[in-house]
Amino acid sequence: MQKFEDSTVSRRSFLKKTVLGGGAATATALAAPAVLAQAPIVMKMQTSWPASDIWMDFARQYTERVEKMSGGRLKVDLLPAGAIVGAFQVLDACSDGVLDAAHSVPVYWYGKHKAASLFGTGPVFGGSATTMLAWFNAGGGEEFYRELVQDVLGLNVVGLLGFPMFAQPFGWFKNEINSVADIQGLKYRTVGLAADLMQSMGMSVAQLPGGEIVPAMERGVIDAFEFNNPSSDMRFGAQDVAKNYYLSSYHQASESFEFLFNKDFLEDLDPDLQAILRYSVEAASTSNTAIAMDNYSADLQKLEKDSGVNVRRTSTDILDAQLKAWDALITELEKDAFMKKVLDSQRAWVERVTYYELMNSPDYALAYEHYFPGKLAL
């Protein structure tokens, strides 16, 4: 596992030690570090989200923790998508040093290598996003990610994953969809390997960032779409262009946020600041989960009650077809040696870990139905 806080002496710490150890003009030498300590390091960080998206609030939870834990030594200039580069360009911008850091998802650079989509938007073997974030942190996933980004693609980037997202809805449709036949020929927005999946099921797919979805729907460029969650969808006006919202899907059921850092910028920081950047991902992951639960559930009710949205579960016919489509896609993906070893690792992790999770979990739906009878329509 990559531990980026264990770096060699940074240029910044070297300069501090040089000033302290110079010997001449002791008073001047001792004064210099105090001046340096008063000037915070500013980290320029762009997200892949519009300024109004709830995910900007999620990103702020990260930056607030970084600033407070660093005692003000690190300040973060947090910017929305498009402020410097486009939503899908943050990886290259971090590698090139245009950005110091970014808040995004790996699937947005799927065009560089399809393996990017395995880190959150790949085949669903039965593990949730929490299961797969654990694979990243404890099951070897972080080293596979490093190998892909640094060795295979040659990028000057370090990345971490945080906040295990709730499974993404199948999405927004103008008409009811009850079977695979109902989605044939629809122009649908999704991203990454989900695009390959949906195309194999008979849909025509457009890969668009979140801010372009509703305009594309209004112009007829797409007929249906998914983005991620009730809060984000409601904020960009999904309810104004479609009224049928289908929850539950296997197309993106295990995604997490991606925290990207320019490798040179990161390794130039003192080890404690590097550690703060790493462990603030874990801290923000917990706080992100809390505000997601609060907002997503409240906004789903608003969509139903205030906007007349029909909230439904995706049919078993479509879910079964998604799994069969993943089967065929996996066969193709495993022709690539790197992707095969990642998929093998994920399968082994899910087989062991999810066995424990499922065997150990009580039937929460049964308990919910007991105390809130008649509300669920599963």
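Two strands pair if DSSP finds at least two bridges between them. Strands (E, at least two residues) and helices (H or I, at least four residues) are DSSP runs, numbered from the N terminus. With that in hand, β1 and β3 pair in the parallel sense over 3 bridges. Residue numbers start from 1 along each chain as its sequence is written. This is a predicted model, in which local features need pLDDT of at least 70 and side-chain atom pairs count only at pLDDT 80 or more, while totals for chains, interfaces and linings use all residues; side-chain values use heavy atoms, with hydrogens and water left out.

**Confidence**

- The average pLDDT (the predictor's confidence in each residue, from 0 to 100) is 91 for the protein, and 90% of the residues score at least 70.
- Residues 5-32 have a pLDDT below 50, and beyond near neighbours in sequence this stretch has 28 contacts (heavy atoms within 4.5 Å) in the model.

- Strands β1 (residues 41-47) and β2 (residues 74-79) run parallel and are joined by 6 bridges; here Val42 stands opposite Lys75 in β2.
- Together with helix α3 (residues 54-69), β1 and β2 make a right-handed β-α-β unit. Right-handed is meant in this sense: with the strands pointing away from the viewer, the path from the first strand over the helix to the second runs clockwise.
- Thr47 has His103 as its bridge partner in β3, and the bridge partner of His103 in β10 is Phe259.
- β3 and β10 run antiparallel, joined by 4 bridges.
- From β3, Ala101 and His103 point one way and Ala102 and Ser104 the other way, and all are buried (under 20% relative accessible area, with exposed over 50% and partly exposed in between, using a 1.4 Å probe and protein chains only).

**Ser256 and Phe163**

- Ser256 sits in strand β10 (residues 256-262) and is buried, with a relative accessible area of 2%.
- The side chain of Ser256 reaches the backbone oxygen of Phe163 at 3.5 Å. A polar contact is a pair of N or O atoms within 3.5 Å; within protein, one must be able to donate a hydrogen and the other to accept it, and residues adjacent in sequence count only if both atoms are side-chain atoms.
- Not counting residues up to four places away in sequence, Ser256 touches several residues, among them Val105, Pro106, Leu161 and Phe163.
- Phe163 belongs to strand β4 (residues 157-164) and counts as buried, at 0% relative accessibility.
- Phe163 has a phi near 65°, a positive value in a residue other than glycine.

**Phe119**

- Phe119 lies in the loop between β3 (101-104) and α5 (129-138), and it counts as buried at 3% relative accessibility.
- Leaving aside neighbours within four places in sequence, the contacts of Phe119 include Pro106, Trp135, Tyr145 and Leu161.
- C-alpha to C-alpha, Phe119 and Glu258 are 9.3 Å apart in space, and they are 139 residues apart in sequence.

- Strand β9 (residues 244-247) pairs with β11 in the parallel sense over 4 bridges, with Asn310 as the bridge partner of Asn244.
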